[in-house]
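Please have the sequence and the model in view while reading.

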Amino acid sequence: MGGPHRTGGAAESGIWRSFIVLTVLLAALAATGLYRYLLFHTIAEFVAIAIALGVFIVAWNARTMRENGYLLVAGTGLLFVAGIALVHTLAYDGMGIFVGYDANLPTQLWIASRYLLAGTLLAAPLLLRRNPGPPREVFAAFAGGVTVLLLLSIFVVPVFPDCYIVGSGLTPFKIWSEYIIAVLLALGAVAVYRVRAAFSPPRVAAHLLAAVLVMIASELAFTLYISVYGPSNMIGHLLMVLSFGLIYVAFVETGGIRQPYALVFTGLKSSEERLRQEKNRLAQYLDIAGALFVVLDGDGRVALINRRASEVLGCPADAAVGEAWAERFIPPAERERFRALFAELRGGVRSGE
């Protein structure tokens with residue numbers, strides 16, 4: 001009685017509110033950047049970190065309710081992107097937390113986080129219809145297999161290439177890395193587009209594609225700055241916040257909280273359809289067989305019967321399914337014997353004999 005319409009209207013209203021809040025936030029951030037860049041950078045990074053944490057919370061709480069791996073991989077990856085981004089924020093030039101380092105450190109951390117982000121957004125759609133493994137193993141792979149190695153290569157065994165040289169600006173490695181990251185993001189967008197039908201509602205895929213395209217623009221802006229306080233850097237961070245805002249709209253507003261069943265149960269609906277197809281295929285095989293075939297459930301009711309058995313019994317298969325086998329198809333004189341035999345068989349199955 002209008003429930004779905006009201007739900008859809010509420011979702012649309014929530015999405016528009018999110019876009020309005022995001023627009024106001026971007027305008028306020030831009031104004032903050034004109035006042036004091038370090039404050040602008042800190043707030044921008046913290047906003048992106050908060051959104052990444054929100055997506056992870058949605059993904060992790062839905063991990064047992066989904067078959068496809070997109071939300072699990074994307075959400076878990078964003079958690080560790082947020083972790084490196086937090087260190088990047090604290091290490092930024094002017095924060096005074098990491099003593100003895102110059103502007104090269106936060107730039108290295110930035111590139112490390114963006115490589116992890118691009119890799120995550122490329123891998124996630126490729127694993128949409130596959131099982132990436134138990135959630136704890138996915139978490140461990142991102143934690144120990146990627147994030148720890150990246151941090152070790154910067155802080156402990158300094159093999160991570162320099163990204164910024166004070167006095168001369170960005171290194172070729174940093175610039176080319178931004179281009180490579182942009183290419184990886186573009187490939188991720190193509191991968192999302194190819195599996196867009198698997199997202200429900202469809203605007204989830206549209207918002208994800210928009211987020212990735214904005215990320216690409218952000219990466220290109222980060223190839224242009226000379227100073228870490230320059231306008232190109234500021235534009236890049238504003239685009240970064242916009243891209244994370246679009247991810248929020250895709251996962252939290254559209255798919256995770258406002259319409260939780262739409263995103264969480266997309267994989268379940270697909271599984272039900274495959275199960276129905278397998279059941280129909282099995283029924284076709286049994287109908288072809290000449291032998292009589294009957295399956296009883298734990299209560300002794302007909303769960304499955306093939307065509308040959310239904311013909312011999314003189315009862316259509318549809319009518320036989322659900323019927324108590326003993327009461328309907330066993331002569332009265334043999335029913336007690338059948339029940340005793342059935343109970344014995346059930347006991348043997350339960351005990352593992």
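## Aromatic pairs

A search of the whole structure finds 13 aromatic pairs, where rings of Phe, Tyr and Trp (its six-membered ring) pair if their centres lie within 6.5 Å, and planes under 30 degrees apart count as stacked, over 60 as edge-to-face and the rest as tilted. This is a predicted model, in which local features need pLDDT of at least 70 and side-chain atom pairs count only at pLDDT 80 or more, while totals for chains, interfaces and linings use all residues. Residues are numbered from 1 along each chain as its sequence is written, and side-chain values use heavy atoms, with hydrogens and water left out.

## Phe-80 and Phe-142

The ring centres of Phe-80 and Phe-142 are 6.4 Å apart and their planes stand at 10 degrees, so this pair is stacked. Because Phe-80 belongs to helix 3 (residues 70-90) and Phe-142 to helix 5 (residues 135-156), the pair ties together parts that are 62 residues apart in sequence; helices here are DSSP runs (H or I, at least four residues), numbered from the N terminus.

Phe-80 is buried, at 12% relative accessible area, and Phe-142 is also buried, at 11%; buried means under 20% relative accessible area, exposed over 50%, and partly exposed in between (1.4 Å probe, protein chains only).

## Phe-98 and Phe-155

The rings of Phe-98 and Phe-155 have centres 5.8 Å apart and planes at 35 degrees, so the pair is tilted. Phe-98 lies in the loop between helix 3 and helix 4 (104-126), whereas Phe-155 lies in helix 5, 57 residues apart. Phe-98 is partly exposed, at 27%, and so is Phe-155, at 26%.

## A cluster

Ring pairs also join Phe-56, Trp-60, Phe-80, Phe-139 and Phe-142 into a cluster.

Notes
Helices (H or I, at least four residues) and strands (E, at least two) are DSSP runs, numbered from the N terminus.
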